[in-house]
Amino acid sequence: MEVGVVGKPNVGKSTLFNALTLLDVPMAPYPFTTIKPNRGVSAVRTACPHTARGTPCHPGNAKCVNGVRWVPVSLIDVPGLVPGAHEGKGLGHQFLDELRAADGYLQVVDASGSTTAEGEPAPPGTIDPAKEVEWLEEEMVRWVAGILGRDFMRFARSAELEESAPEEFLQTRLTGLAIGIPAIMAALRTAPIDRDKPSTWTEGDRYQLAQALLRSARPRLVAANKCDRTDPARLAELATEVTPLPVVPTCAEAELTLRRAARAGLVKYQPGDPAFALVDAARLNDAQRRALHEIELIVQRFGSTGVQEALERMVFGQLHQIIVFPVEDEVHWTDSKGRVLPDAFLMPAQTPARQMAYRVHSDLGENFIRAIDGRTHRALAADHPLENGAVVRIVARR
Ligand SMILES: Nc1nc2c(ncn2[C@@H]2O[C@H](COP(=O)(O)OP(=O)(O)OP(=O)(O)O)[C@@H](O)[C@H]2O)c(=O)[nH]1
Ligand SMILES: [Mg+2]
């Protein structure tokens, strides 16, 4: 699972990325600060099942803090995309290619409207963030339509000669994007084309197909960043204007400061918390005290900095992921070494039990006999769809 942090230059992508990963990639108030993609790991929260049992857990891959499990999610922060990126402007091709493997896009916009399309500063409220959302979709659609359209007639004719199914033809043309057959079938239904005659698909048809494919296979969420400098009425309008995309107001700068202050032991704060507390006010200098007071006002106004919420709405709401806890002993919820709930994995909602077994280990998938639900102790068949928070033992042939 990888989420791409995307948008035009200078909107706060790297600040949001640093806040979410606690890495330290360059950030600055001018465009093209990021010149090559940054990869890092963040985490989303879920209630740890250990709390229901009253026994402590022994987390391996996903730490547990006060009954909250933090499950890893990969992030990629790319350099700012500028108009014409799909034609290679501002190295757009290269950066878009880095996004091929991302499962969804968190688009950061400057909600305060003070950054131009090229990332230059502008007076607040003069640039429309809704247009930015529209524009990025168009760039991405043109990029995918461009991949599809390369040497199109030759490929289309040979697909017709070989009588390839249109979904397979499309999947092969877009291999690097790893789009599944169901999404391709859904896209094919939206375009008024002769499905079996790709040679008759016009440039417009290919654009429409690319748009439908991106919409279904690469969900987006808008982080309305710099919300600290944005009129609340404008935030509400933005949410209406970009419907059906969800919009989460964020203050990446505040989140980064809080996470770093928490790491330094200056404040008590867990990402996503609606408040924070000073550990020892006497240790702070005046500038730190003022900065934290400003952040307190932002957090009070919005309920949080919005950054953790944006990632979680992306992962759970847009990408429909659930968290599953594989165990080797369904009674004690332990692995072979007696560790309670050692792992927590993200997977698509309704993942069949056998598919989950493959995720844990390919041998477990291949030799799958049945799964056992750790709560009800019932046997689950290979195709049983798993639910969020499931504790599951896989029984496999040895
Ligand atoms: N007021 C305010 N400023 C922010 C916020 N988030 C980021 N910034 C500032 O916006 C500027 C740009 O931040 P970056 O994180 O470098 O932006 P970017 O989108 O990664 O920029 P490029 O890499 O150049 O595309 C910096 O001066 C940040 O401090 C925020 O929530 N509020
Ligand atoms: Mg950057």
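View 1. Isoleucine 322 stands opposite methionine 347 in S11. Strand S10 (residues 321–327) and S11 run antiparallel and are joined by 4 bridges; two strands pair if DSSP finds at least two bridges between them. Strands (E, at least two residues) and helices (H or I, at least four) are DSSP runs, numbered from the N terminus. The model is predicted: local features need pLDDT of at least 70, side-chain atom pairs count only at pLDDT 80 or more, and totals for chains, interfaces and linings use all residues. Residues are numbered from 1 along each chain as its sequence is written, chains are lettered from A and ligands numbered from 1 in the order in which they are written, and side-chain values use heavy atoms, with hydrogens and water left out.

View 2. Strand S5 (residues 104–110) has 7 of its 7 residues buried, so it is largely enclosed by the rest of the structure. Buried means under 20% relative accessible area, exposed over 50%, and partly exposed in between (1.4 Å probe, protein chains only). Gly104, Leu106, Val108 and Asp110 are buried on one side of S5, and Tyr105, Gln107 and Val109 on the other. Strand S1 (residues 2–6) pairs with S5 in the parallel sense over 4 bridges, and valine 5 has leucine 106 in S5 as its bridge partner. S5 also runs parallel to strand S6 (residues 220–225), to which 6 bridges join it. Aspartate 110 has its bridge partner in S6, asparagine 225.

**View 3. Polar contacts of ligand 1.** A polar contact is a pair of N or O atoms within 3.5 Å; within protein, one must be able to donate a hydrogen and the other to accept it, and residues adjacent in sequence count only if both atoms are side-chain atoms. The side chain of asparagine 225 places an N or O atom 3.1 Å from a nitrogen atom of ligand 1. A polar side-chain atom of lysine 13 is 2.7 Å from an oxygen atom of the ligand, and a polar backbone atom of alanine 252 is 3.0 Å from an oxygen atom of ligand 1.

**View 4. The shell around ligand 1.** The shell residues comprise 10 nonpolar, 8 polar and 5 charged; Ala, Val, Leu, Ile, Met, Phe, Trp, Tyr, Cys and Pro count as nonpolar, Asp, Glu, Lys and Arg as charged, and the others, Gly among them, as polar. H1 gives the largest share of the shell, 3 residues.
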